[in-house]
Amino acid sequence: MTLTVLNVAYPLAPVGPDAVGGAEQVLSMLDRALVQQGHRSIVVACEGSRAAGILVETRAEAGALDEAAKKRAQQAHRAAIAAARSQWPIDVVHLHGIDFDTYLPDDGPTLVTLHLPLGWYPPEVLARSRDDLWLHAVSEAQQRTAPPGSRLIKPIPNGVDIEALSHPRSRRNFALVLSRICPEKGIHLALDAARLAAMPLAIGGQLYAYETHVRYFTDEIRPCLGRRRRFLGPLGLSAKRRLLNAARCLVIPSLAAETSSLVAMEALACGTPVVAFPNGALPDVVEHGKTGFLVDDVDQMAKAMVACAELDHDTCRAEARRRFSLERMVSAYMDAYRKLAQLGAHHTWQGAAR
């Protein structure tokens with residue numbers, strides 16, 4: 001059964017192999033997998049995106065990302081989705097944005113991946129009202145946080161391309177943070193821990209033009225930077241792979257309930273231990289004392305950054321290969337696509353028979 005799948009990105013973040021966000025990376029991996037398996041992949045995303053399949057671009061917002069910018073971008077996405085559905089026989093629409101309800105099609109088989117903490121979504125959008133509208137979490141830990149009344153299908157856990165990431169190289173004595181630059185990611189805490197551990201820290205990540213994000217970087221991150229604490233900006237796949245394979249550890253100081261932590265899986269695929277607060281799904285990803293350390297405060301974080309030198313890189317790689325494979329994730333999505341497409345075909349047949 002050859003499928004035509006329309007993947008729709010969050011309107012304000014570009015997608016592609018070098019995307020910095022987890023949702024954007026998952027979308028990009030699915031786009032490539034669809035093309036590799038002979039299906040038709042269509043992607044609606046903002047300018048600056050890259051796709052293996054057909055890319056339907058919407059205009060990128062250049063200035064501050066305020067409410068007016070969000071509404072313009074959502075309107076552009078609604079128009080692009082409608083145009084794509086008119087041009088191609090779409091079997092499944094797959095939405096990835098936290099604001100999916102603002103451009104959700106009124107009908108047709110639709111899959112919604114809830115990449116962010118469920119508490120960040122309006123409760124009413126998690127109570128799907130159609131049998132061909134499927135919503136899912138990306139981990140069991142996230143699923144357990146669903147508010148009463150939510151109607152989610154079984155989670156589809158994230159995975160990473162183990163072989164593409166693992167390029168063993170000489171280790172260097174520095175810690176690494178890869179993250180969006182925003183208050184809930186707690187990057188200032190990693191800076192404090194690195195200072196206590198007397199360890200260099202490299203920070204890679206995208207600073208989006210949201211007012212709160214810019215103020216956080218200006219007030220709490222920039223004053224702490226220097227020769228041993230560096231901000232590298234957004235990193236493409238090649239630079240990210242090089243740093244992950246050379247770092248002593250990856251630090252995840254996030255204060256939010258991480259839904260799966262793709263970056264932790266990427267680090268383990270590179271043989272790099274992870275130091276993290278035990279928020280959200282991270283206790284299910286990091287095995288304390290084996291593939292990293294779960295810590296409760298900055299002092300423990302600093303000690304764990306040093307202790308990571310004693311952990312075995314091959315063990316981290318083996319656990320990533322065993323638990324977080326891309327093939328398993330892609331297979332689960334393809335199965336969902338096929339079942340939804342069959343449901344859509346059944347509805348079409350029923351309508352024609354009346």
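Ala51 is partly exposed, with a relative accessible area of 29%. For the classes, buried means under 20% relative accessible area, exposed over 50%, and partly exposed in between, with a 1.4 Å probe and protein chains only. The areas come from the Shrake-Rupley method, and for residues only the protein chains shown count as cover. Ala51 sits in the loop between S2 and S3. Helices (H or I, at least four residues) and strands (E, at least two) are DSSP runs, numbered from the N terminus. Ala51 and Ser28 are 23 residues apart in sequence, while their C-alpha atoms are 6.9 Å apart in space.

A word on sources. This is a predicted model, where local features need pLDDT of at least 70 and side-chain atom pairs count only at pLDDT 80 or more, while totals for chains, interfaces and linings use all residues. Residues are numbered from 1 along each chain as its sequence is written, and side-chain values use heavy atoms, with hydrogens and water left out.

Next, the salt bridges. How many salt bridges does the structure hold? There are 18, where a salt bridge is a side-chain nitrogen of Lys or Arg within 4 Å of a carboxyl oxygen of Asp or Glu. One of them joins the side chains of Asp18 and Arg50, at 3.3 Å from N to O. Asp18 lies in the loop between strand S1 (4-8) and helix H1 (22-36), and Arg50 in the loop between strand S2 (40-46) and strand S3 (54-58), so this pair ties together parts that are 32 residues apart in sequence. Asp18 is partly exposed at 37% relative accessibility, and Arg50 is partly exposed at 48%.

Another salt bridge links Asp284 with Arg144, the closest N and O atoms being 3.8 Å apart. Asp284 is in helix H9 (residues 282-285) and Arg144 in the loop between helix H3 (140-143) and H4, so here the parts tied together are 140 residues apart in sequence. Asp284 counts as partly exposed at 38% relative accessibility, whereas Arg144 is exposed, with a relative accessible area of 61%.

Glu184 pairs with Arg180 in a salt bridge, with 3.9 Å between the closest N and O atoms. Glu184 is partly exposed at 25%, and Arg180 is partly exposed at 25%. There is also a network: salt bridges that share partners join Glu287, Lys290, Glu319, Arg322 and Arg323.

Which residues form a positive surface patch? Arg169, Arg172, Arg230 and Arg242 do. Patches are made of residues with over 30% relative accessible area and no salt bridge, like charges being joined within 9 Å and nonpolar side chains (Val, Leu, Ile, Met, Phe, Trp, Tyr) within 5 Å. Lys and Arg count as positive and Asp and Glu as negative; His and the chain ends are not counted. The place of a charge is NZ of Lys, CZ of Arg, CG of Asp or CD of Glu.

Last, the cysteines. The structure holds 0 disulfides, a disulfide being a pair of cysteine sulfur atoms within 2.5 Å. Cys224 is partly exposed at 35%. Cys249 is also in no disulfide, the nearest cysteine sulfur, that of Cys308, being 4.5 Å away. Cys249 is buried, at 0% relative accessibility.

Conventions: Accessible areas come from the Shrake-Rupley method with a 1.4 Å probe; for residues, only the protein chains shown count as cover.
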